[in-house]
Amino acid sequence: MNTSADLSARLEKLVGRDRVRASEPALREFAIAERAPGAVLKPHSAEEVSEIVSFAVAEKLAVVACGSRSKLELGMPPQRYDLALDMTDLRQIAHYDPGDLTVSVDAGMRLNELAKALAAKNQYLPLAVPCSGTSTVGGAIASGIDSTLRQQYGTARDFLIGAEFVDGTSKQCKSGGRVVKNVTGYDLHKLLIGSLGTLGVITRLNFRTFPLPDLESAHLASFPTMEAALNFHASLLKSGLPFSNLELFDSEFSAQLAGLLNKAGGGVAAPLATGKWHVFASFEGSAAVMERIQRELRERSTEAQVASGETFDVESSRQMSGALQEAFDWLRSAAPSVALLRIVLPQIALGDLTELVATSQQSRLRSAFALRACNVAYLALFADTADTQTNAALERAVSELISCAEAKKASATLLHAPLWLKDRVDVWRTKRPDLPLMQRVKQAFDPHNIFAPGRFVGGI
Amino acid sequence: MDPALIRELKTLLGPANVLSQKEDLLLYEFDGSVEKARPEVVTFPHTTEDVSRIVKLAAKHQVPVVGRGAGTGLSGGALARGGGVMIVFARMNRILDVDLENRRAVVQPGVVNLDITRAVEHAGLYFAPDPSSQKACTIGGNVAENSGGPHTLAYGLTTNHIAALELVLPDGEIVRIGSRHGDAPGYDLCGLFVGSEGTLALVTEITVKLSRKAEAVKTMLAIFDAVGDASRTVAEMTARGITPAACEMLDGWTLRVVEDYIHAGFPRDSAAVLLIEVEGLREAVQSQAAAIAEICNSNHAREVRTARDERERELLWKGRRNAFGALGRLAPSNYVLDGVIPRSKLPEALEQIHETGKKFGFEIGNMFHAGDGNLHPIVLYDQRDTEQFKRAIAAAEEIIRMCIALGGSLTGEHGVGMEKNELMPLLFSDADFDLMRRIHDAFNPDSSLNPGKIFPLSKGCGEIRVRKSGQSAGPRP
């Protein structure tokens with residue numbers, strides 16, 4: 001068994017003293033679920049990542065690649081955690097061909113830095129994920145966390161066109177390429193999306209980029225009941241209008257959203273105060289398209305007997321969209337203990353949703369609900385105290401919600417939960433028939449099981 | 001082949017579902033590519049269980065298995081390179097379920113691509129991937145090859161339209177992956193299996209995502225007197241962020257051949273045409289079409305026509321979709337390439353293809369998905385002339401190398417198959433092959449499923465070989 005001093009010394013020899021941190025505070029910064037790694041390494045190239053992984057294989061050390069560490073809690077805590085790879089020194093744009101609408105970027109680059117570079121050419125990457133102030137490109141892909149622009153642009157798998165990564169045998173591999181249409185070889189880069197670092201260390205990602213829209217706007221409609229809000233939401237979905245985000249949420253969700261927006265000032269939050277249920281619709285395009293969508297929204301609002309409706313200007317709609325994009329982050333920190341469930345529904349049915357919301361309300365804990373694009377619902381339960389009784393109520397409510405979701409053939413995963421709850425409830429909550437196939441994939445990528453072991457579905 | 005296997009297959013499926021006479025097998029030794037390889041027995045399962053049992057029998061007799069849809073593939077993906085048992089999905093051709101509300105359809109692999117759209121178009125829905133062969137090709141083949149089509153530009157390849165799959169693994173095990181409503185927790189296995197060219201599993205049921213038909217569509221034909229002007233138009237459209245639903249180019253030589261056959265209205269005296277389609281909201285279509293016309297005109301288009309009605313639109317597309325048939329009138333065989341280049345390199349690539357044609361003594365036609373840089377140079381040759389065939393292959397290889405040198409790729413939608421597998425090292429390193437091989441072996445450890453595809457067989461690059469075959473790799477014609 002290595003002592004940590006011995007380990008650090010050998011790592012320093014491998015990558016240089018300035019690339020290794022082993023002080024107590026440094027290790028704590030990289031802790032996952034209170035477990036700190038034995039050392040933190042900061043590689044500055046894919047070659048160096050490969051050397052570190054090679055060392056880890058030889059020494060049987062578990063490796064977790066980290067970006068800004070904003071979403072390290074996703075999944076189960078790793079069963080072993082020896083080395084943290086701080087990827088933030090791999091932060092260059094390797095190729096950017098604005099004329100081709102493609103970009104190739106190092107995994108440790110921040111999304112907001114990339115956005116700046118793309119905006120200079122009037123383009124962007126529609127990956128509107130939480131923790132946008134710090135999130136790295138690699139982290140956004142590995143976490144697989146939802147983008148609020150999914151309604152219009154799809155998920156990362158729709159615009160990630162290639163990747164470079166170090167696999168579990170320490171080899172530098174690639175998949176896909178830098179062209180927008182390509183079927184050469186297995187699409188291994190798709191497997192990396194949402195894999196939580198269990199397959200390899202992503203070093204570079206290639207994306208298709210998109211032109212920035214001419215104009216943006218958004219609309220918020222308020223309703224007295226869930227049924228009225230859901231009918232309006234359904235009518236917008238069926239309209240075929242190209243909304244970039246279409247989100248429905250309850251009063252607790254809007255109260256928290258309003259609190260956040262009020263801190264920023266500007267009065268954007270005012271319309272959130274009326275009505276119990278809200279439907280937010282954002283859209284973009286040319287002046288003629290904006291006019292058409294706004295007209296239809298007015299007409300459909302009248303039909304839906306909206307309690308009140310408000311159309312936002314560019315600035316306000318960006319503010320509102322930005323706050324919704326961060327929902328994962330503010331929901332998880334809205335109480336001392338929070339359980340945040342992501343539920344994917346087979347269909348949007350009033351009965352099912354009413355039952356889910358009612359189940360969460362029965363717990364007598366505060367709860368917030370939001371329905372997003374592609375039948376994805378977020379349900380947060382807030383425990384304001386940490387006493388045994390409240391904890392028990394939280395656990396019971398989570399279990400009941402999961403059972404309720406599963407009875408509706410929905411899949412429920414726990415995006416965030418206190419550690420004690422994760423120990424008692426499998427965050428993935430899934431007995432998938434294809435788990436053995438996933439294990440084969442894991443074994444092929446990472447034969448020595450060194451990448452974030454135990455963090456993923458089924459203990460992978 | 002062991003006659004016992006054929007007997008067992010006949011017992012299992014009934015004699016009407018098994019072919020083993022040489023004259024029957026001849027039909028299955030070709031697909032749409034230039035390759036050739038004959039299976040030793042052809043089977044027609046009706047159910048997933050049939051497929052599983054066939055696979056188990058083949059495993060028992062240690063012979064390889066290859067799946068096949070309509071045989072329209074262009075890379076030899078559905079050819080029995082290792083001989084053995086071919087599973088033809090033609091009789092598993094039922095649409096099992098249509099859920100209009102949630103825009104999903106569950107289909108068997110032998111369903112013809114266009115039949116999915118036909119089954120749902122009354123509700124304003126359609127299946128977006130539209131290979132040129134969509135009237136004949138099957139969804140199982142589309143899934144295996146991750147097929148594209150003209151509208152891939154806006155809507156993506158087959159992989160973007162698949163929610164879940166039922167698979168039969170090489171040991172006969174039946175597994176389901178993905179989820180009907182999408183977002184299954186765990187690795188994106190559908191992303192891996194779609195486009196794996198039948199080398200990991202056989203697909204026996206497919207849940208597809210249906211798309212909503214756009215409310216407005218405009219189809220334009222931009223006519224140019226110089227190829228360079230047409231390709232610069234495409235590059236400029238891309239650079240300005242205009243993404244039409246489709247943007248196809250036909251060069252002058254090709255369009256004349258097509259026009260003589262189909263009478264689609266392509267002007268015979270032009271150097272190139274762009275067939276551009278925009279769709280979406282009426283307002284968006286209007287402004288996109290105006291912007292596209294402006295770019296065409298600034299690049300010296302002689303004329304930009306807009307189809308006035310559905311009939312004119314259909315005619316233009318007929319010209320594009322049936323073009324390969326038209327070319328068939330000129331030479332006994334044609335070799336269609338599928339390289340991809342970054343779109344900004346289009347003018348340069350077309351010039352180089354022209355040069356390659358001159359060098360090897362071919363008139364190389366170009367009719368391709370210009371909007372996403374997916375080239376389809378067509379080399380016409382006579383397969384009976386061995387020397388000519390060799391030259392055609394050499395010309396093709398030079399073009400593929402050029403695509404890669406420009407930062408592109410081997411194949412945009414046809415797949416690697418047994419046609420381009422030896423060229424794979426141009427793109428992938430030994431490390432890349434090692435990982436792909438481990439993935440391959442994780443599912444298909446004995447290479448019993450579709451051997452001799454994707455991976456180079458030549459020494460030093462991957463180690464997947466044609467195994468245990470009663471027949472070696474089919475000779476090229």
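What is the relative accessible area of B:Lys359?

Modeller: B:Lys359 has a relative accessible area of 58% and is exposed; buried means under 20%, exposed over 50% and partly exposed in between, with a 1.4 Å probe and protein chains only. The model is predicted: local features need pLDDT of at least 70, side-chain atom pairs count only at pLDDT 80 or more, and totals for chains, interfaces and linings use all residues, while side-chain values use heavy atoms, without hydrogens and water. Residues are numbered from 1 along each chain as its sequence is written, and chains are lettered from A and ligands numbered from 1 in the order in which they are written.

B:Lys359 forms a salt bridge with B:Glu398, and their closest N and O atoms are 2.4 Å apart; the term stands for a side-chain nitrogen of Lys or Arg within 4 Å of a carboxyl oxygen of Asp or Glu. B:Glu398 lies in helix H14 (residues 386–405) of chain B and B:Lys359 in helix H13 (residues 346–360) of chain B, so the pair ties together parts that are 39 residues apart in sequence. Helices (H or I, at least four residues) and strands (E, at least two) are DSSP runs, numbered from the N terminus. B:Glu398 is partly exposed, at 25% relative accessible area.

Over all chains, the count comes to 68 salt bridges. One of them joins the side chains of A:Asp97 and A:Arg178, at 3.4 Å from N to O. A:Asp97 is in strand E5 (residues 93–97) of chain A, and A:Arg178 is in the loop between strand E9 (172–176) and helix H7 (188–192) of chain A, so this pair ties together parts that are 81 residues apart in sequence. Both count as partly exposed: A:Asp97 has a relative accessibility of 26%, and A:Arg178 has 28%.

Another salt bridge is found between the side chains of B:Asp183 and A:Arg342, at 2.4 Å from N to O. B:Asp183 lies in the loop between E9 and helix H7 (189–193) of chain B and A:Arg342 in strand E16 (residues 337–344) of chain A, so the pair joins two chains. B:Asp183 is partly exposed at 23% relative accessibility, whereas A:Arg342 is buried at 13%.

In chain B, five strands form an open antiparallel sheet in the order E5-E6-E10-E8-E9; two strands pair if DSSP finds at least two bridges between them. E5 and strand E9 (174–178) of chain B stand at the edges, each with a single partner strand, so one side of each has no neighbour in the sheet. Strand E8 (residues 162–168) and strand E10 (residues 202–209) of chain B pair in the antiparallel sense over six bridges. Within that pairing, B:Glu166 has B:Glu205 in E10(B) as its bridge partner.

B:Ile95 is partly exposed, with a relative accessible area of 34%.
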